[in-house]
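Open the model in your viewer and keep the sequence panel beside it. The stops below are given in the order in which to select them.

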Amino acid sequence: MSTVSPLAPASFPDLPAVEGVELHAFAANLRYSGRPDLFLAVLPEGTTVGGVFTTSACASGPVDWCKQILDAGTARAVVCNAGNANAFTGSAGAASVHAEVEALGVALDVEPDQIFVASTGVIGEPLNDDQLIAALGDLVASPIADWPDAAKAITTTDTFTKGAAASVPGGNIVGIAKGSGMIAPDMATMLGFLFTDVAATSHALQLAVSQATNESFNCITVDSDTSTSDTVLLFSTGAVGKEPIDGPNHPEWAEFSAAVFSVCLDLAHQIVRDGEGATKFIEVQVEGATSDESAAVVARSIADSPLVKTAMAAQDANWGRIVMAVGKAGEPADRDKLAIWIGEEQVTEAGLVHPNYSEERANEWLANNDIVVRVDMGLGDGSASIWTCDLTHGYIEINAGYRS
């Protein structure tokens, strides 16, 4: 990993065990050396699953496979390699996935269509199937891994490993994720694997992870680019042994779904804090829009704007760029009702600079690592928040040399 992001947490969190989940991590040297790059979670019989995937029209072979087997609602394992996305690899990519699940199925004595697959890394390069298949045996035989090693095994340009957890009555929900660039979810632009020992049906898991994703991973952006490989999977081992949560009418649904959301939101924020080259974590709040959907479009227009993001990086309260991003969003807007804040400093009111506005005070707010930009459209009750980061020279340096 490169220099750790200045926005990184102080340390990897102390994550609890999830009963029934067996973790493995192995250095297969598929692209990286000196670090694990293969991840495996072995799951007990009866494990249920829900998942969401990229909406890219150029989705990877692993995404196609996971979509194909998801309807069954059960799983016995999930495996992920880092460094090669196995995307835009045609029939060879699909063959690699089938070879992988067949070999792993034999090693684990489970059916291949119970094995979920994810890959992340460079697009357009076929996997070395012989190397991968050979490594799978070593992966299965490797010692039981802990959460930090598992989280590290799925990273690419990430500068820190990402994990989060929440407790619910009788059990835990634990998640790990990777993501740093190519982050503009339409579904989540990332990989995320969540595990719980709380019994839940596949229907409940699907509902929980879909709702949580819409309000977390789908509300972040680093660079407005949606990946080919995005996958978020939520597994329940059911080891707690209660009557399974089966949906919103279950008495434990509200607490369970809220816990899934809290883990997803924590991971989503960590991804933004690890945005390639990021030095600022920015929350864009839009209120007073004609609808929540309209507010989200305006907020994303601001959050995705290179001009806004570079101003944040320079700690320059060039608020005209925020006005520009609101105006270009294509949503209902009235210049003379628009109010803007940078931090707690009100910048505009009724289409004019606020009479008490101080650029010096606004720039002081921009000196912080965490920044809030708030816009009131003055048109209705719609509101939304999008989380993003600034755009620095570091982003160019990382991506200009990504394949070298």
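In which sense do strand 8 and strand 9 pair, and over how many bridges? Select residues 191-196 for strand 8 and residues 231-236 for strand 9: the two run parallel and are joined by six bridges. Strands count as paired here if DSSP finds at least two bridges between them. Strands (E, at least two residues) and helices (H or I, at least four residues) are DSSP runs numbered from the N terminus.

Before going further, note that this is a predicted model, in which local features need pLDDT of at least 70 and side-chain atom pairs count only at pLDDT 80 or more, while totals for chains, interfaces and linings use all residues. Residues are numbered from 1 along each chain as its sequence is written, and side-chain values use heavy atoms, with hydrogens and water left out.

**The whole chain**

Along the principal axes, the C-alpha atoms fill a box of roughly 70 × 55 × 40 Å. Colour by accessibility: 55% of the 404 residues are buried, meaning under 20% relative accessible area, where exposed is over 50% and partly exposed lies in between (1.4 Å probe, protein chains only). Of the contacts (heavy atoms within 4.5 Å) with a separation of 6 or more, 81% are between residues 24 or more positions apart.

The open sheet has five strands in the order 3-9-8-7-6, with mixed pairing. Strand 3 (48-53) and strand 6 are the edges; each has a single partner strand, so one side of each has no neighbour in the sheet. From one strand to the next the twist averages 10°. Now look at Thr196, whose bridge partner in strand 9 is Ser236.

Helix 1 (residues 61-70) lies across strand 3 and strand 9, at about 135° to strand 3. Helix 6 lies across strands 6, 7 (171-178), 8 and 9, and runs at about 165° to strand 6. The axes behind these angles are lines fitted to C-alpha atoms, for helices over the stretch in contact, and angles run from 0 to 180 degrees between N-to-C directions.

**Salt bridges around Lys162**

Select Lys162 and show side chains. What does Lys162 form with Asp158? The two form a salt bridge, with the closest N and O atoms 2.7 Å apart; the term requires a side-chain nitrogen of Lys or Arg within 4 Å of a carboxyl oxygen of Asp or Glu. By this rule the count is eight salt bridges. Lys162 also forms one with Asp274, where the closest N and O atoms are again 2.7 Å apart. That pair links distant parts of the chain, 112 residues apart: Lys162 is in strand 6 (residues 162-168), and Asp274 is in the loop between helix 6 (253-273) and strand 10 (281-289).

Move to Arg273, which forms a salt bridge with Asp370, the closest N and O atoms being 2.7 Å apart. Arg273 is in helix 6 and Asp370 in strand 14 (residues 370-376), so this pair ties together parts 97 residues apart in sequence. Arg273 is buried at 19%, whereas Asp370 is partly exposed at 40%.

**Two histidines**

Select His24, in strand 1 (residues 22-26). Is His24 buried or exposed? His24 counts as buried, at 2% relative accessibility. Beyond four places in sequence, its contacts include Leu38, Phe39, Val140 and Ile144. A polar contact of 2.7 Å joins the side chains of His24 and Glu22. Such a contact is a pair of N or O atoms within 3.5 Å; within protein, one must be able to donate a hydrogen and the other to accept it, and residues adjacent in sequence count only if both atoms are side-chain atoms. The backbone oxygen of Ser142 lies 3.0 Å from a polar atom of the His24 side chain.

Finish at His250, in the loop between strand 9 and helix 6. His250 is buried, at 15% relative accessible area. Leaving out residues up to four places away in sequence, His250 touches Glu243, Pro244 and Ile245.
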